[in-house]
Amino acid sequence: MTENKPPVQQNPNPSDKKKKKSAAGLIILIICIVLTALFTLLAVLPRPSVSDSVDLISQDTTSSNQGIFTSILFGSQREKKAAPTGDYIARIFITGVIEEENKSYSQKWLLETIKELEKDERNKGIMLILDSPGGAVYESDEAYLALSHYQTTRKPVWSYMTHLAASGAYYISCGSEYVCANRNTLTGSIGVIAGQSVDATELMNNVGIKSKTFTAGKNKNMLNFNCPLTEEQEAIMQSIADECYDQFTTIVAINRGLDKDYVQQLADGRIYTAKQALDLKLIDKICSYDEAINAMKSKYQFIGVEVFDYKYSPKATWMDILRGAVSDIKPLTQSKEENLIELVSPSMKYPAYIYN
């Protein structure tokens, strides 16, 4: 009878263990070197600026089939349309919050674009495409003045309002001679925010916190959280709002051919639908974009004139790509409560015409 012996287990070769450890260590070392090089590169690369944005006279759109590795290696890849060869209407997109610069808006880019168009004999007019809740007083007025100066060349400026063209965006539209809107547009919000005061002195006293700001001038510390507003300071801030409001309503009255008292009656800060704005004579026409551009071409007999797009789009940097990756991961790390707050928060930006 044959005796069944258990299989003999062979002891692993010690040299094999060493080779595996060495290989694993080498892989980890390579990964560490690559990550170190990447973060060093991110630290030294320049931040995006207005000068890095698209050319003043060019159309660029983001390719829909752009791969993530192409984005990481070469930044934002844009297909540029050749400059117009003949006469053209410039379609300028004013998108997002109106301020010095953000991801969708650049004041410097807008002013320089208008100036270049003013000098270009092939340019026959401007069609503004507005999709903005408004923004800062200074930038809104600068854009309005630039458009008004452009019209001294006798080239027309028209506006077309899309989702939202409120407050500062409506102010800018007053720099055009004809205003069209989509039937679902919200506009108006003619009013001013001159500042905000938060008085935390009572709360600080309750929890035993003392704060003192050393100033020269009795009103120098107004609007600070540790200083209750006096009646004089309230009057100061209200005078700023009133002066700016007077400027806003005067601009609307002059450019819309309306009586100033009438404008101030409807300018209580509320937003209006396109139909309401048309009835109040704040806009001239409710139509589609195609109808608006065709009406402009017909009025000025622009035969064979093409439409050329101008849209601000800053170039993406490595840092932007990294931030985008982090924002994509964020929902996974948020608590249920945080996700719920984001879900129920309103997505429409607040209509504003505000002093920064």
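# Strands and salt bridges in a predicted chain

The chain has 12 helices and 12 strands; helices (H or I, at least four residues) and strands (E, at least two) are DSSP runs, numbered from the N terminus. This is a predicted model, in which local features need pLDDT of at least 70, side-chain atom pairs count only at pLDDT 80 or more, and totals for chains, interfaces and linings use all residues. Residues are numbered from 1 along each chain as its sequence is written, and side-chain values use heavy atoms, with hydrogens and water left out.

Visitor: What percentage of the residues of the chain count as buried?

Guide: Buried means under 20% relative accessible area, exposed over 50%, and partly exposed in between (1.4 Å probe, protein chains only). The chain has 356 residues, and the share of them that counts as buried is 35%.

Visitor: Which residue in strand 7 is the bridge partner of tryptophan 158?

Guide: Two strands pair if DSSP finds at least two bridges between them. Strand 6 (residues 157–166) and strand 7 (residues 178–181) run parallel and are joined by four bridges. In strand 7, the partner of tryptophan 158 is tyrosine 178.

Visitor: Why does arginine 122 count as partly exposed?

Guide: Arginine 122 forms a salt bridge with aspartate 120 (3.5 Å, N to O). Aspartate 120 counts as buried because its relative accessibility is 13%. Arginine 122 counts as partly exposed because its relative accessibility is 30%.

Visitor: Is arginine 256 buried or partly exposed?

Guide: Arginine 256 forms a salt bridge with aspartate 284, with the closest N and O atoms 2.9 Å apart. Aspartate 284 lies in the loop between helix 9 (274–279) and strand 10, and arginine 256 in helix 7 (residues 231–256). Aspartate 284 has a relative accessible area of 28% and is partly exposed. Arginine 256, at 14% relative accessibility, counts as buried.

Definitions and conventions. A salt bridge is a side-chain nitrogen of Lys or Arg within 4 Å of a carboxyl oxygen of Asp or Glu.
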